Amino acid sequence: MRRLTAAIAATAAILTLSSCTTDAGVPSADRTTVPPEIDSHESGPASPIAYGLSVPAGATQLGPLVRYRSERLIAAYKPELDAVRAEQALEEAEEAEEQGTEATETPTPTPTIDNRPEGDFFEDLEDPPKPDTFVSLMRIDGNPTLVVRRLLAELSVLLPEAGIVTDDLSAYCKASDRRVTGCSLDASGTTPGGRDLRVRMSVDPGDVSTRTGNFASLERPVMRLDVAYVGDPRAGQEDRTPEDLDNPPRIEDTAEKTDWIWPKMDEDASVDEPVIDGFSPPSSATVLLSGQRPPFATMTTLRASIATEVAERFTSERIEGTVQRDVMADLNEVVISTWGTGADGREVRTVHTLSARGNYLSLFLNPAS
């Protein structure tokens, strides 16, 4: 099943060749020529992520920042929501009794079609909880070593006691014959502002053995960053100001110790192959980026109903038991999250973002906590 137009397949391998170097020290030959179907959905340089972090130079975030409320946060506010709704129901019953209204006398309302997005699940609260989990899905267009080290430098300032290494890829990456096969970081700590966070970073260069990049990666490494608040859920809602971080160390001033090489991919995964866990989105969805370690795919659709159908099919085929659901309205976006546990224990999650930019859907298979 085809998911991207022939233009993407035809241009996915093209690099803009030049002998000059960018001001960030990245050869312009490393800059990827991006098809217009994907280019219009890229976020700007240094896009903010969360808690003072931003997309590092040389990386490009595809689609909007993925944001959602964690199960811990929802559970912390659910009792308050139930109490408010119970009070509202009681007041409505008392008002109906005072007016002498009976159900049999109530005229049947004329059905109307409401195409407005759903309201926030916690909209009955005076101050609905904001998202506490953020995921940035990035394509590395510049020098991968420099880009990864820049992000590590940001994280070292955000979590100063976590001991994050910025000058040695072997601390978080694996290699075969000096060729990087993947990177993974999982660190927790306290920020300078006193927030307890967990950050997870992964870098997937593609299938090194077959020299095949991830679908829609344009033959470039794919980087994913998850940032989650793990302190007291209610305390985390009290202060939403960004962290006042010191400038991260300039990684260009220090040499990287491994001198490992990032393997070049010859092509992206075929448009006829599944994108994530044997799942193929319909041709009406344009996949913007995907990765396999851990598995994810993010896409855009012309209509919200298409994203809803894709999310429902993805979860129904994988989740055992109840599918959980949350709707959040924040920053002129409506974010619909669904999640549950698969047969293998992994978390299956979808995040559908409706915004002025369009409809975006991200599919995730996350390792068991």
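A disulfide is counted here as a pair of cysteine sulfur atoms within 2.5 Å. The legends below describe close-up views of a predicted model.

**View 1. The disulfide between Cys173 and Cys183.** By the rule above, the count comes to one disulfide. This disulfide joins Cys173 to Cys183, with an S to S distance of 2.0 Å. The pair links distant parts of the chain, 10 residues apart: Cys173 belongs to strand β4 (residues 173–176) and Cys183 to strand β5 (residues 179–190). The torsion about the S-S bond of Cys173 and Cys183 is about 100 degrees, and the disulfide is therefore right-handed. Is each cysteine of the pair buried or exposed? Both Cys173 and Cys183 are buried.

**View 2. An open sheet of six strands.** The order of the strands is β10-β11-β15-β14-β13-β12, and their pairing is antiparallel. Which strands form the edges? The edge strands are β10 (285–292) and β12 (324–330), each of which pairs on one side only. On average, neighbouring strands of this sheet are turned by 15 degrees against each other, direction ignored.

**View 3. The pairing of strands β13 and β14.** Strand β13 (residues 333–341) and strand β14 (residues 347–355) run antiparallel and are joined by eight bridges. Which residue of β14 is the bridge partner of Val335? The partner is Thr353.

Terms used:
Residues are numbered from 1 along each chain as its sequence is written. This is a predicted model: local features need pLDDT of at least 70, side-chain atom pairs count only at pLDDT 80 or more; totals for chains, interfaces and linings use all residues. Side-chain values use heavy atoms; hydrogens and water are left out. Two strands pair if DSSP finds at least two bridges between them. Helices (H or I, at least four residues) and strands (E, at least two) are DSSP runs, numbered from the N terminus. Axes are lines fitted to C-alpha atoms, for helices over the stretch in contact, and angles run from 0 to 180 degrees between N-to-C directions. Buried means under 20% relative accessible area, exposed over 50%, partly exposed in between (1.4 Å probe, protein chains only).
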